[in-house]
Amino acid sequence: MLFQVRFSFVRTMSRTDPIALRGAPGSPYTRKMLAVLRFRRIPYRFLVGLWARDDGLPRPKVDLLPTFYFDSDEGVEAVVDSTPIIRRLENEYLGRSVIPDDAALAFIDYLVEDYADEWLTKAMFHYRWQYEADVALAGEILPRWRDLTASASEIAPRADAVRERQIGRLYVVGSNEVTASVIEESYRRFLGLLDDHIGNGPFLFGGRPSAADFGLFGQLTQLATFDPTPRNLTAEIAPRVLAWVQSVEDLSGLEPHEEDWVERGEAPETLRALLVEVGRTYVPVMLANAHAIDARADQVAAEVDGEPWTQRPFPYQAKCLQWVRQEYARLDGTDRGYVDNILAGTGCEALF
């Protein structure tokens, strides 16, 4: 998740020309952005697997998925990171916005989107590469997206390489013996909270989806529908969440109206309950990580819900915290007052 940039960029191509993006079905951020493009009815062409030919497209500075290819004065520009891309698309394509009009709610939306991108992804990565059934399935399927015609003997070494690499990277998200129970209990609570809130929505901010909805959706495309362990858990304790994920996949047929955004004074208590979960988990880890980065420490040490949390420092998430704080600083007095009020007692106020 990157800092929200105000773009003055003007597209040089026709608005009917599709945007090219490279991604993978197993990438939650790819699925997040595909759902945004479908809802906003923005034409695109998806480069994946056998169809992801180079075509002379540039490489991004950091090779992440999805990669979007935009026209610029210098030619084609390779851009990554879903949050600023969403805001860029807001400026370049009018209508069907995924950012609430109310500045205070737009900030809450930004905060929950970052929670999805930076905390909920811990559960996604943890379940996929900690449990035997999940590791086996991911190893078999992920390399096949790049080569549907490969034989079993050709896939086998690729599957082993994927498993070895990804299991070896569990430290990045903080999944380890100390944190495993914290991650899993957090996911269980989140499922119940989102299940409750969907009944009042069906989206976070009323009757139309926001960027945060798509952020949650992206992670849940893997947790609720692909990886066996969290998939079974989701179906068992939060069937409405599973149905929600299947529905949000393609919202191109939804006709949103301005009045579909919830009024700030009418936000249901279930939204605040979700913010309590954000404050319970995401906040202490983000703060401890930033402190470790500042102190040049080798380990992040935090307490989450009364349990210890330890992982290696993650410099990118220290930047995320900085960007969230910058968004908060942009709020004027009235909007900031509302945000302070809704965050009071959730634990999220510690961010500021």
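Student: How many aromatic pairs does the structure hold?

Tutor: The structure holds 14 aromatic pairs. Rings of Phe, Tyr and Trp (its six-membered ring) pair if their centres lie within 6.5 Å; planes under 30 degrees apart are stacked, over 60 edge-to-face, and the rest tilted. This is a predicted model, in which local features need pLDDT of at least 70 and side-chain atom pairs count only at pLDDT 80 or more, while totals for chains, interfaces and linings use all residues. Residues are numbered from 1 along each chain as its sequence is written, and side-chain values use heavy atoms, leaving out hydrogens and water.

Student: What describes a pair of aromatic rings?

Tutor: The distance of the centres and the angle of the planes describe such a pair. Tyr 127 and Tyr 187 are edge-to-face, 5.8 Å centre to centre with 65 degrees between the planes. Tyr 127 lies in helix 3 (residues 103–130) and Tyr 187 in helix 7 (residues 180–198), so their pair ties together parts 60 residues apart in sequence. Helices (H or I, at least four residues) are DSSP runs numbered from the N terminus.

Student: Is Tyr 127 buried or exposed?

Tutor: Buried means under 20% relative accessible area, exposed over 50%, and partly exposed in between (1.4 Å probe, protein chains only). Tyr 127 is buried at 2%, and Tyr 187 is buried at 1%.

Student: What is a disulfide?

Tutor: A disulfide is a covalent bond between the sulfur atoms of two cysteines. With the criterion of a pair of cysteine sulfur atoms within 2.5 Å, a search of the whole structure finds zero disulfides. For Cys 320, the nearest cysteine sulfur is that of Cys 348, 15 Å away.

Notes:
Helix = DSSP H or I, 4+ residues; strand = E, 2+ residues; numbered from the N terminus.
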